[in-house]
Amino acid sequence: MKLNVDALRYLSKDDFRVLTAVEMGMRNHEIVPAELVDRIASLKHGGTYKVLKNLLKHKLLHHDSSKYDGFRLTYLGYDFLAIKALVNRGVFLSVGRQIGVGKESDIFEVATEDGTVLAMKLHRLGRVSFRAVKSKRDYLRHRSSFNWLYLSRLAAVKEFAFMKALEEHGFPVPNAVDCNRHCVIMSLVQGYPLVQVKQLQNPEMVFERIIGLVIRLAEHGLIHCDFNEFNIMIDDDEKVTMIDFPQMVSVDHRNAQMYFDRDVECVFKFFRKRFNMSFHEIPDDIDDSEVDMDESGRPCFSSIAKGSGFLDKDLAASGFTRKDQEDIEKFVEGGIEKDADSGDEENEDGGLASELNESDISGVDSLHLVEQPTLNCDVDGRGEENEQKAEAGQTNGPETQDASDEEEDNETMISKDAELTKRLRNQNRRVIASVRGGRKNLASRNTYKDKGGRSSHNSKIQKQLSSW
């Protein structure tokens, strides 16, 4: 939807109050009922319905009466809420022209009070061209239900966090200014997308810088996952700037090597086609990083050493969360302690039995476990010999005696278990009877009422006949 902020100056406080009420209702409703909007907005004299009519006229809300009468926010209404909040904070004062459009966002120019021009990125997930976000990104994690506005908000928060952290670690990224809902405010990059550049003075140097950025990101624990000519800005001095970070993942992601190789391949493919570069003589020390190269000159993901940044842990990047890291550290520490103590123990299970305290097994004696019948598996390869001995009557005396003792023990345990279950059933019956107080189940309170059925009709006819 095209952003037209002309109506923004004519909206009143009540209009934004109703918009906020619909936004709050959408936390639990896909379509917010009109009564709930009226109850949350709490406008005097029933003014909510008049405001809803005005918001529908400006296409800030969508009315749906297929199942019940309700409303939901449109992207334009969500834009107005975010812009209003940022204007109230004093982040910017006016909105200018659109300078970029992508598969999941729109970018506009905004100006501050002193005339500084910034970039405003509005995330718009859910477009027809890019609706596989739920399967390709892990914004939802364990959630099963979602709406596109909420996904756009998660993408904006994630991009703002990555941009802020990368800027603090010296990466060439835009300056992150502020974030609200699905809107991110950043500094305006003075340059052009690399895809629009037809000629470079030093393409080899630019290529080394770009590949060096991919390697530096991996050394800090991150992979861009969409590192191509559309997300690389370059100015007149051939200075490179990275943009677009919502899809970044950790180097510990299960598909990290595939994403890393794909980013590198995109850079190699673009420079080979656009600038006719050959990559036979590529220096091994790209951007002062010691990384092994394969036969084609591409950096090897397995040879990249993780530096001291650990941004994937700090930002809880996809594939690497703080909880997982704590569990891994506990497991590693516990494994080291077990390895150190395993030499002093003589158990064959590796000392696992010694970890159980007496308090952990104190209540086991009160349980009666029924042993499951074991399968006659020929594990040791002597099954045929045992069968032949059994047929010939050559079995050993102690073995047959042990087997008979085990069968007797099993029978006694089964009988005890049957008695225990019988006692529990009787006890449950007594408890239920005591709770009910010996009374029978009461019928429904409405059974005595006459519902006007056939029985009532027949009784009326009988009364009329008896009166005649």
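In the hairpin formed by strands S5 and S6, where five residues lie between the strands, Gly115 adopts a positive phi near 95 degrees. The structure is a predicted model, in which local features require pLDDT of at least 70 and side-chain atom pairs count only at pLDDT 80 or more, whereas totals for chains, interfaces and linings use all residues. Residues are numbered from 1 along each chain as its sequence is written, and side-chain values use heavy atoms, with hydrogens and water left out. Helices (H or I, at least four residues) and strands (E, at least two) are DSSP runs, numbered from the N terminus; two strands are taken to pair if DSSP finds at least two bridges between them.

Strand S5 (residues 105-111) is joined to S6 (residues 117-123) by seven bridges, and the two strands run antiparallel. Within this pairing, Glu109 stands opposite Ala119 of S6. S5 is also joined to strand S4 (residues 94-101), again in the antiparallel sense, by five bridges. S4 and S5 form a hairpin with three residues between them, and Ser94 has Ala111 of S5 as its bridge partner. Six of the seven residues of S5 are buried, so that the strand is mostly covered (buried denotes under 20% relative accessible area, exposed over 50%, and partly exposed the range in between, with a 1.4 Å probe and protein chains only).

Leu93 is located in the loop between H4 and S4. This residue is exposed, with a relative accessible area of 58%. The C-alpha atoms of Leu93 and Ala111 are separated by 5.9 Å, although the two residues are 18 apart along the chain. When residues up to four places away in sequence are not counted, Leu93 touches Ala111, Thr112 and Glu113; contact here means heavy atoms within 4.5 Å.

An open sheet of three strands shows the order S1-S3-S2 with antiparallel pairing. Because S1 and S2 stand at the edges, each with a single partner strand, one side of each is left without a neighbour in the sheet. Four bridges connect S2 and S3 in the antiparallel sense, and Leu61 has Leu73 of S3 as its bridge partner.

Helix H1 (residues 13-25) comprises 13 residues and reaches 18 Å from its first C-alpha to its last, close to the 18 Å expected at 1.5 Å a residue; the expected span is 1.5 Å times one less than the number of residues. Its buried residues are Asp15, Phe16, Val18, Leu19, Ala21, Val22, Glu23 and Gly25. These buried residues pack against several elements, including strand S1 (32-33), helix H2 (34-41), helix H3 (48-57) and helix H4 (75-89).

Asn180 is found in strand S7 (residues 176-180) and is buried, with a relative accessible area of 10%. Beyond four places away in sequence, Asn180 touches Leu81, Ala82, Ala85, Leu86 and Arg89.

The axes of helix H7 (residues 203-219) and helix H8 (residues 256-275) come within 11 Å and cross at roughly 175 degrees. H7 and H8 are therefore roughly antiparallel to each other. The contact involves Pro203, Val206, Phe207, Ile210, Ile211, Val214 and Ala218 of H7, together with Phe260, Val264, Val267, Phe268, Phe271 and Phe275 of H8. Axes are lines fitted to C-alpha atoms, for helices over the stretch in contact, and angles run from 0 to 180 degrees between N-to-C directions; angles under 35 degrees count as roughly parallel, over 145 as roughly antiparallel, 65 to 115 as roughly perpendicular and the rest as oblique.
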